[in-house]
Amino acid sequence: MLLLTFKGKIGKILNGVDKMIQKPKGTYDILGDSSDNILYLKKIIEALMDKYNYKYFKTPMFEASELFHRGVGETTDIVNKETYDFKDRGGRDMTLRPEGTAGIVRSFIENKLYVSSMPVKAWYFGSMFRYERPQAGRYREFMQFGVEAFGADDPIMDAEVISIMVNFFKILGLKGIKVNINSLGDKESRENYRKALLDYFKPYVKDLCEDCRNRYEKNPLRILDCKVDSNKDIMKNAPKLTDYLNENSKNHLEKVKTYLDSMNIDYIVNPSIVRGLDYYTHTVFEVEADIKGFGSQNVLGAGGRYDHLVENVGGPSVPGVGFAIGIERLMLALQAENIKLGEEKNIDLYAFGYNLNDKSYLMNIVNLLRMNGFNVEMDYLNRNIKNNFKKADKLKAKFIMIVGEEEMEKNIVTIKNNKTEEEFKMNKENIVEFLDSKLGGLDES
Ligand code: HAM
């Protein structure tokens, strides 16, 4: 649905040009039906965010590299291996954002939003960039819809954030989803667990992959997220974080569960969810597409709590929690469940001139109608009558307006109902009122 190419046709048109310039690997063009779908999704997101009182944030697509390296965490694969890093012409180290949270956190601090009344609830929609091996559902430029809520450490905020993602999928009619939640605990629990992992993996370090040997030094928790070593027995028998959660962390998780239950949201507690980003504390969650035959890239959206990220990026101690949904994966899931987005778009009126040298009169009316809120398409190619009617049918135009010499002289228009074929002649001044009355109850006409 999203990957549209026109190699054959355009190749021919460009005959003579040595090599056709193609889109970069791992990217795609949005056009046709896909663009309607994306715009429709955005409208739903806007309406949904209004209900929850989240405000739209737009941050730059590139930021100082330091933000991601220091803030998101050096042992995060996304930052370690997948970022698009470059020097700008002023010699500054810049990075195309691989995710949205860090930029929102930077903006929250830079704009001193922490002095305002908490919580600050933000949402965003836009492109992210990761240099990953492309495959279905995995791109180098992809879009995320995300939310971030700052200033509340109450588990009710975690539950709200999870409920937004689940309700969004529900509103879209997506049925095959599975919500996995887990807790990574607070600082103390994490520290105890870290020590346990260091002790446990010590005799096996030499058997681990190079990345994991590095993780052993910097962030042993991430060893458990390793794709290379995942099947080894040493991984399976490793200590479980759940056994190291202190009372505070256990209570937090229990409360999140209670609040999810109160909203009748189904979930499973899945201790293997550790997430690929370093900044999480307490709640983490992933929503998977549970659809037969869906590809391996089946995590539609994910998120969690990050109580120290704002501090790590240089702000005060303010907790946060959020998620991001991959728009392309969501579109693939909708497609897999045969869900069509939005209503079919119809044109209110198709206008064309008949034997006109000067189309000013036609243009004047078309402009008037568009300014009065009607969807109007017109003939730009001087088609003959037959082809104009064909075009109007193709566009599913409800009315057709024909302007010829006679109409111009008498200051009138001829309008045809494209369904009933009834024809009306009227003064130009009456056309808006006429269409208003007709389009209000077109189905009955
Ligand atoms: P993430 O798990 O890295 O989390 O990404 C969130 C979602 O973005 C994934 O579940 C997936 O749907 C989509 N995604 C990630 N990489 C790709 C890719 N290469 N191609 C297509 N889709 C992709 C974050 O980004 C966190 N910032 C989420 C968050 C917000 N945590 C707290 N607040």
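Before I turn to the model, a word on classes: Ala, Val, Leu, Ile, Met, Phe, Trp, Tyr, Cys and Pro count as nonpolar, Asp, Glu, Lys and Arg as charged, and the others, Gly among them, as polar. What I am showing is a predicted model, in which local features need pLDDT of at least 70 and side-chain atom pairs count only at pLDDT 80 or more, while totals for chains, interfaces and linings use all residues. Residues are numbered from 1 along each chain as its sequence is written, and side-chain values use heavy atoms, with hydrogens and water left out.

Let me begin with the cavity, meaning a set of points on a 1 Å grid over the protein atoms alone where a 1.4 Å probe fits but cannot get out, its lining residues having an atom within 4 Å of a point. The count comes to 1 cavity of 30 Å³ or more, and the largest cavity holds about 40 Å³ of space, where a volume is the space filled by probe spheres set on the points, and grid points are joined across faces, edges and corners. Its lining consists of Leu184, Arg190, Asn219, Leu221, Arg222, Val274, Arg275, Leu277, Asp278 and Tyr280, which divide into 5 nonpolar, 1 polar and 4 charged residues.

Now to the rings. The structure holds 20 aromatic pairs, counted where rings of Phe, Tyr and Trp (its six-membered ring) have centres within 6.5 Å, with planes under 30 degrees apart called stacked, over 60 edge-to-face and the rest tilted. One of these is the tilted pair of Tyr56 and Trp123, at 4.8 Å centre to centre and 55° between the planes. Tyr56 lies in strand S1 (residues 55-56) and Trp123 in strand S5 (residues 120-129), so the pair ties together parts that are 67 residues apart in sequence; strands here are DSSP runs of E, at least two residues long, numbered from the N terminus.

How do the two partners differ in exposure? Tyr56 is partly exposed, with a relative accessible area of 45%, whereas Trp123 is buried at 6%, where buried means under 20%, exposed over 50% and partly exposed in between, using a 1.4 Å probe and protein chains only. Phe168 and Phe169 form another tilted pair, with 5.9 Å between centres and 35° between planes, and both residues are buried. Ring pairs link Tyr56, Trp123, Phe145, Phe168, Phe169 and Phe323 into a cluster.

Finally, Arg140 lies over the face of Tyr131, at 3.9 Å from the ring centre, the criterion being NZ of Lys or CZ of Arg within 6 Å of the ring centre and within 35 degrees of the ring normal.

How values were computed
Helix = DSSP H or I, 4+ residues; strand = E, 2+ residues; numbered from the N terminus. 1 Å grid on protein atoms, 1.4 Å probe; cavity = no way out; pocket = protein on both sides within 12 Å on 5 of 7 lines; lining within 4 Å.
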